[in-house]
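Subject: Structure for your files

Hello,

Here is the structure you are taking over. My notes on it follow.

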Amino acid sequence: MPLTADDVDRFEVSRPRLEAIAYRLLGSADEAQDAVQETFLRWQAADTDRVEVPEAWLTKVLTNLCLNQLASARVRRETYVGRWLPEPLLAGDPMLGPADTAEQRESVSYAVLTLMERLSPNERAVYVLREAFDYPHREIGDILDITEAASQQIFHRAKKHVAYGKARTEIDEAAARRVVEEFLAAATSGRTDELVRLLSKDAISIGDGGGKVPARTKAFEGAVAVAKFVWGLFKPAETKRAIVGGTPEIYAWTANGEPAIVAVAEGRVVAIMCLEVTAEGIAACRTQANPDKLERATGQWAAADHGEPLLVM
């Protein structure tokens, strides 16, 4: 039977939540949208009159689609060129989902999305549903066909994997901008010791170019190594302009709730560097430069009031 207008409305009411769940599970906006669209097709084919709780039914279908996707993604990433990083989302993107609690904001931070790559598909699903959307373990068990006790155990194990000994510092947009401004001032000062002062001793820098743009496969580790790399990264050069197809303009922004440096050339977002801030300093610089993972950000950027760049390279 074709869907009624009420059936479509019920799905559309759930769409924002489904997209936010799928993005956290998959780390990709495009893949999240595909999973939600497939969920709609399953909804279209279902006998909706027999679905007692549409939200629960849709969440179960979506989650299991994402679990299948995660299993195949692990195989694909074995052949991925260079380091794989999630797709960053700029501030204001509705796919970031709920941000009312510290746990919800933490669960979609770029740092945590990256660390969630350590988790098994089931661990990731339990962590996301519990931490970001506050599902009771009983409901998570129903979604994943496991017991409530198993869900609790998996959640505690997942939290241990995601935690790594450093308390990330939560900051507002104004503070995030100050972090980026100070970072860029140090990066362009010509003195790496200014950058070293801002970094934690064991800071890392990693990038994802997806084989489309140059990106070092091995992470830079330690404040001095990271500072030297960043200092060179923000030195204007004709080769960099050739790679991005224009003159990069550098802005302070936030992505996934973290301070971010956004590089834009000819209206296209060509790189987003997310800065992980801890009490010890900036602990990580994670740069997404794969153009395939920046298309949504470019669309969001075009609609944003971003003012003047802090730096033109």
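The UniProt annotation "domain: RNA polymerase sigma factor 70 region 4 type", from an unreviewed entry, covers residues 111-161. UniProt positions are given in the numbering used here, feature names are shortened, and annotations may be inferred rather than shown by experiment. The chain over residues 111-161 is 76% helix and 0% strand, with its end C-alpha atoms 13 Å apart. Helices (H or I, at least four residues) and strands (E, at least two) are DSSP runs, numbered from the N terminus.

The unreviewed UniProt entry also lists "domain: RNA polymerase sigma-70 region", for residues 15-74. That span is 83% helix and 0% strand, and its end C-alpha atoms lie 26 Å apart.

This is a predicted model, in which local features need pLDDT of at least 70 and side-chain atom pairs count only at pLDDT 80 or more, while totals for chains, interfaces and linings use all residues. Residues are numbered from 1 along each chain as its sequence is written, and side-chain values use heavy atoms, with hydrogens and water left out.

Overall form

The protein chain has 13 helices and seven strands. Its radius of gyration, taken over C-alpha atoms, is 20 Å, which agrees with the value near 20 Å for a compact globule of 313 residues; the globule rule is 2.2 Å times the number of residues to the power 0.38. Along its principal axes the C-alpha trace spans about 65 × 40 × 40 Å. Of the 313 residues, 50% count as buried. Buried means under 20% relative accessible area, exposed over 50%, and partly exposed in between (1.4 Å probe, protein chains only).

The accessible surface of the protein chain comes to about 14,800 Å², and 52% of that belongs to carbon and sulfur atoms. Accessible areas come from the Shrake-Rupley method with a 1.4 Å probe; for residues, only the protein chains shown count as cover. Among contacts (heavy atoms within 4.5 Å) between residues at least 6 apart in sequence, 67% join residues at least 24 apart.

Cores

A nonpolar core is a set of buried Ala, Val, Leu, Ile, Met, Phe, Trp, Tyr and Cys residues joined through side-chain atoms within 4.5 Å. The largest one has 45 residues, and Leu62, Met116 and Tyr127 touch the most other members. At least two residues of this core come from each of α1 (5-26), α2 (29-45), α3 (54-77), α5 (110-115), α6 (121-132), α7 (137-144) and α8 (148-162). The biggest contribution is that of α1, with eight residues. Not counting residues up to four places away in sequence, Leu62 touches Leu18, Ile21, Ala22, Ala35, Val36 and Thr39. A second, separate core has 31 residues, among them Leu184, Val230, Ala271 and Leu275.

Particular residues

Arg124 is found in helix α6. Is this arginine buried or exposed? Arg124 has a relative accessible area of 3% and is therefore buried. Leaving aside neighbours within four places in sequence, Arg124 is in contact with Arg24, Leu25, Leu26, Gly27, Leu70, Leu113, Met116, Glu117 and Leu119.

In helix α13 (residues 295-302), Arg296, Ala297, Thr298 and Trp301 are buried. The buried residues of α13 pack against α2, β3 (249-255), β4 (258-265) and β5 (268-278).

Gly232 sits in helix α11 (residues 223-233) and is partly exposed, at 29% relative accessibility. Gly232 and Val262 are 30 residues apart in sequence and 17 Å apart in space, C-alpha to C-alpha.

A search of the whole structure finds zero disulfides, a disulfide being a pair of cysteine sulfur atoms within 2.5 Å. The closest cysteine sulfur to that of Cys274 is in Cys285, 10 Å away and so too far for a bond. Cys274 is buried at 1% relative accessibility, and Cys285 is buried with a relative accessible area of 0%.

Two residues other than glycine have positive phi values. Asp134, with phi near 55°, lies in the loop between α6 and α7 and is exposed, with a relative accessible area of 54%. Glu266, with phi of about 55°, is in the loop between β4 and β5 and counts as exposed at 63% relative accessibility.

Regards
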